[in-house]
Amino acid sequence: MLFLLRSSGGFTGKMLGIDYSPASVELATRVARQKGYNTDEDVRFREWDILREPTVENGWTEGEFDVVLDKGTFDAISLNEETDGWGRRVCEGYRDRVVRMVKVGGRFLMTSCNWTESELREWFEGKDEDGSRGGFEFEGRVEYPKFKFGGREGQSVYGVCFRRV
């Protein structure tokens, strides 16, 4: 996705891809180098577990990113029944982690094949529980092919864009 934004989307800023899997980071870095990108400046990839590791220790600050993309991360962690230190499912802490990464006015784009647009909006819109850091406001959707079955129309993939407020 980062490569597509760089080559076809006209995005020229610094890009950072994260994954909790060292093998995925290694593969993405290798592909970036094969495509001619400088992996220390243009398009970087780092190993990071968004649910368990702080942002500051990974070399970036809260509210640093103009755009954060999620292409299946929330889908994957929402299938996990594991709970955090407060007894919540780990996916319940994901929104707060992502909000902290996006600068005010920045965008959070996500693609899901497990959740509908209305469900994603329920998960991500609004302010933090304490109202202190702001949150996300729905800005738009990506239109994917639709299908009809049993007299109803739907789609198997949803893409939404939120703006940090």
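This is a predicted model: local features need pLDDT of at least 70, side-chain atom pairs count only at pLDDT 80 or more; totals for chains, interfaces and linings use all residues.
A disulfide is a covalent bond between the sulfur atoms of two cysteines. Under the criterion applied here, the two sulfur atoms must lie within 2.5 Å. For C113, the closest cysteine sulfur is that of C91, at 15 Å, which is too far for a bond. C113 is exposed, its relative accessible area being 54%. The sulfur of C161 has its closest cysteine counterpart in C113, and the separation of 19 Å is likewise too far for a bond. In contrast to exposed C113, C161 is buried, with a relative accessible area of 13%.

Strand β9 spans residues 158-164 and is mostly covered, six of its seven residues being buried. Pairing was found with strand β4 (residues 102-112), which runs antiparallel to β9 and is joined to it by six bridges. Within this arrangement, F108 has F162 of β9 as its bridge partner. Strand β6, comprising residues 135-142, also pairs with β9 in the antiparallel sense, again over six bridges. G159 in β9 stands opposite V142.

A nonpolar patch on the surface is formed by M1, L4, V67 and L69, which together contribute about 340 Å² of accessible area. Of these residues, V67 is placed in strand β3, which covers residues 65-71.

Technical notes:
Residues are numbered from 1 along each chain as its sequence is written. Side-chain values use heavy atoms; hydrogens and water are left out. Buried means under 20% relative accessible area, exposed over 50%, partly exposed in between (1.4 Å probe, protein chains only). Helices (H or I, at least four residues) and strands (E, at least two) are DSSP runs, numbered from the N terminus. Two strands pair if DSSP finds at least two bridges between them. Patches are made of residues with over 30% relative accessible area and no salt bridge: like charges are joined within 9 Å, nonpolar side chains (Val, Leu, Ile, Met, Phe, Trp, Tyr) within 5 Å. Accessible areas come from the Shrake-Rupley method with a 1.4 Å probe; for residues, only the protein chains shown count as cover. A salt bridge is a side-chain nitrogen of Lys or Arg within 4 Å of a carboxyl oxygen of Asp or Glu.
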